[in-house]
Amino acid sequence: MTVMEDLTRSSSSMLAHLYSPAQSDTMSIDKLLPALLECFGIILCGYIAGRTNIITSTQAKGLGSFVANFALPAVLFKNMVLLDFGNVIWPFLWSILVAKVCVFVIVCVLTLMVVSPDSRYSKAGIFSIFATQSNDFALGYPIVEALYQTTYPQYLQYIYLVAPVSLIILNPIGFAFCEIQKWKNQENRQQSKLWIMGLVILQVLKNPIVFMVAIGIIAHFVLHQTIPPFMAEFVNGLANSFGGAALFYLGLTMVGQLGKITRSTFVTLTLLLTAKLFLMPLICKDMVDLLDDTNTSAMNHSSLANYAFLYGVFPTAPSVGLYAVYYNTELQVVTAGMVISTFLSAPIMYVSAWLLTMPHMDPQLVMNSLLSVSFNISIVSSLALVWTIVVIFLSKKFRRLPHMFTVNLFFAQFLACIGMILWVIVVKEDNFIGQILTLTLLYTSLCSTYVWTGLIALSLMLTKRFDNLGIFPGVFIIAGWGVSASVTAVLLISGEKMPDTIDSSFFYGKLQIIFTTVVVSFSFLLVGGSLIYLSRGSWAQNDQIQETNCAEAPVTEVDPERQTLIEPSGNLHSGQCENRCESEDCLVATEEEVQQDADRQVARHVILCLLLTIGLLANLSSCSWLLFNHDPGRLYLELQFFCAVMNFGQGFISFALFGLDEHLILLPFKKRLYSLWYRRKKEEQLPPDLPEDIRITCTQFIKYHKHQCCHDIVKKRRCGKKTVVDCFLGCDLVQWLQQVGLAHDSGEAVLYGARLQQGGVLQHINQQHDFQDKPLYYRFMR
């Protein structure tokens, strides 16, 4: 009997086969959570400081310069001098280097194949660097220290060896691609290829990480692995300031980055994050398993492979954003990806480290833990789905496409959660009929979630091509439920129940795995093909331009008596913005609501499909792992937990994208809050005492800048049936303040606008919002 047959017959025996309880601890898991809380707590403090403009982006550059030019070089110099080369396992370094080269080549080749020629090489270079350069020092080192300080302290020094080697070998290749793109875009190509290579080498040598490592290695041999006492305190002082300052600066750089994500960049971002957080750790571990043949101890070899996996999960370094700025290439993708990868890496690292200690647990206890995780997630996810479905019906979006299909997906997700809850209850009672009925509900609804993911992506593609699906909705609904029901029926008729199994994924053994593989593969190919078609052409760009134009266009209205279109007026040249908005049904203020009612929310549906595709990929990997690998290994358990989270936690994704309807839930609540606040302010009738800085700002703006500002950004827009109001967008004022030099960056501009609002110079069109860098309408009061 093969191991594969053993796996399908009993989940408990599978776990017993994979995990041996004889091994000792290889990491201090108890210290990992405090380390993560410490690191991400400091990052959160920096983010809050930047979001509230306590520290603006201009001021943050000073902290960034200190970290990059003083603190980090001191850390590298100190550790290079004290490094013990005798304890270094060199095959580990070669394994990590080979893994990074593999990921670099994969990302680079795919980018060169897909991207248009006008930006092909620069994107290939930046994306490859994004996928391979990790935040080793600020975030990686504290995590490694918490895990291995007491068990394998020599692992800590690998951080300082791997990062410079990566920068010296891989980054120059990426920079060369970017320089080649700049050279190709020049009309008069005067620079030679030798000149380009010289620029790349110079840029590498200017990197403080590179030259401080070189100086530190020289000092290592000259100073005989010791730092002289007269400079030890100085170096230690700078080095000790690196950790907190770097993490705080990382939080500052995250402010406003997620807002730059558009539907045209989300596909690229998702693929890059998959390469960085999923492909990189797996290849790192496989390379160590393949190349490290120097360890005679199986336990040491296993711990080194696990360490390689954790190293691969480290998020992208913030310095990649500087490279994107320098070459003016995909800044939105890189900066947003840096933020997302940082926060996604935390749960991945924690779960990975926790599961790597599982060999010491009873296999039955592990399986019960898997069922418990699925059960708990299903309960919370089902509640989120009930809320989301109610919101979709109350907003009446279910009547139009593609929301009509999305509702079916939500119902399938809800039934899958109910099926898992019932499965955990029925499995304990050893009721065969109950198990069959529950498995029918669970497997049918779960397969339906896979099918609906592909059908929603297909509907978006067909809508783009034909603009109207016509008779297709009925066919889609039949296929969405019919395919999964047919697969379940064939499985129940032809399958054979495996004895003593409590895992719903293996209830019918290998046949069930094959059926799941076919369904998931079909849906995965359908989603991939549809999204690739969507990403081609100007679909996303046109939508983005249309949304921008709608947000900036003057509001017009059809007079019910005359039935003629009232054209908007031009810019206001007088400098006096005295018109008031007293209409209760202000069209300017409700313009976003009208836009949303006509919006198919294509971007949210694309994001939904992409996130669910990650779950499809995980399920496909899990099934393939068992079908083609007789010894799945310990990481298979982590994959199983991840599949459980993705399968029964889909409700969280649906809730985040569609459960918080802005005009049905958020805005009414905010309007009520503002109404109560302004009513109380009017009842008090006590004019606030303006601080000196606010009074000076308002006075100077009115005297020297208001006239020109009104001329540049204020426009007449119709509000209600009779009122014409002179207003402007908050984002336009932020941009104008930076252009005329009243603010150095958007953070300072928002503070400037907030002072004008507090001083009564401007206000929101119907007093619902504070001043923000968003397409919200404001008007000058005096």
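Modeller: A residue is called buried under 20% relative accessible area, exposed over 50%, and partly exposed in between (1.4 Å probe, protein chains only). By that rule Thr-56 is buried, as its relative accessible area is 4%. The model is predicted, so local features need pLDDT of at least 70 and side-chain atom pairs count only at pLDDT 80 or more, while totals for chains, interfaces and linings use all residues. Residues are numbered from 1 along each chain as its sequence is written, and side-chain values use heavy atoms, with hydrogens and water left out.

Colleague: Where does Thr-56 lie, and with which residues is Thr-56 in contact?

Modeller: Thr-56 is in the loop between helix H3 (32–51) and helix H4 (57–82). Helices (H or I, at least four residues) and strands (E, at least two) are DSSP runs, numbered from the N terminus. Contact means heavy atoms within 4.5 Å. Leaving aside neighbours within four places in sequence, Thr-56 is in contact with Asp-745, Gly-747, Glu-748 and Leu-751.

Colleague: How many helices and strands are there in the chain?

Modeller: The chain has 30 helices and four strands. Of its 782 residues, 51% are buried. Take the contacts between residues at least 6 apart in sequence: 80% of them join residues at least 24 apart.

Colleague: What does the accessible surface of the chain come to?

Modeller: Such areas come from the Shrake-Rupley method with a 1.4 Å probe; for residues, only the protein chains shown count as cover. For the chain the total is about 36,100 Å², and carbon and sulfur atoms account for 63% of that.

Colleague: Next, cores. Which residues of the largest nonpolar core touch the most other members?

Modeller: A nonpolar core is a set of buried Ala, Val, Leu, Ile, Met, Phe, Trp, Tyr and Cys residues joined through side-chain atoms within 4.5 Å. The largest has 103 residues, and those touching the most other members are Phe-92, Phe-137, Tyr-148, Tyr-158, Phe-242 and Tyr-307. Helix H8 (residues 158–185) contributes the most to this core, namely eleven residues. Another core, of 59 residues, lies apart from it; Ile-456, Leu-460, Leu-462 and Phe-476 are among its members.

Colleague: With which residues is Tyr-158 in contact?

Modeller: Neighbours within four places in sequence aside, Tyr-158 is in contact with Asn-87, Val-88, Ile-89, Phe-92, Leu-93, Leu-304 and Tyr-307.

Colleague: Is Gln-512 buried or exposed?

Modeller: Gln-512 counts as buried, at 1% relative accessibility. Gln-512 belongs to helix H21 (residues 509–535). Beyond residues up to four places away in sequence, Gln-512 touches Leu-439, Tyr-443, Leu-491, Ser-504, Ser-505, Phe-506 and Phe-507. Leu-250, in helix H12 (residues 242–253), is also buried, with a relative accessible area of 1%. From Leu-250 to Met-338 the C-alpha to C-alpha distance is 9.7 Å, although the two are 88 residues apart in sequence.

Colleague: Which residues of helix H26 are buried?

Modeller: In H26 (residues 650–658) the buried residues are Gln-650, Gly-651, Ile-653, Ser-654, Leu-657 and Phe-658. They lie on the same side of H26, because they cover an arc of only 160° around the axis. The arc is taken from the directions from the helix axis to the C-beta atoms. Leu-383 sits in helix H17 (residues 363–394) and is exposed, at a relative accessible area of 59%.

Colleague: Which residues make the nonpolar surface patch of about 630 Å²?

Modeller: Patches are made of residues with over 30% relative accessible area and no salt bridge: like charges are joined within 9 Å, nonpolar side chains (Val, Leu, Ile, Met, Phe, Trp, Tyr) within 5 Å. Here the patch is made by Val-101, Val-105, Ile-106, Val-109, Leu-110, Met-113 and Val-114. Val-109 is in helix H5 (residues 90–114) and counts as partly exposed, at 39% relative accessibility.

Colleague: How many salt bridges does the structure hold?

Modeller: Side chains of opposite charge can pair when their charged atoms come close. A salt bridge is a side-chain nitrogen of Lys or Arg within 4 Å of a carboxyl oxygen of Asp or Glu. The structure holds one. Glu-330 forms it with Lys-123, and the closest N and O atoms are 3.1 Å apart. Glu-330 is in the loop between helix H15 (319–327) and helix H16 (331–355) and Lys-123 is in helix H6 (residues 120–132), so the pair ties together parts 207 residues apart in sequence. Glu-330 is partly exposed at 21% relative accessibility, whereas Lys-123 counts as buried at 19%.
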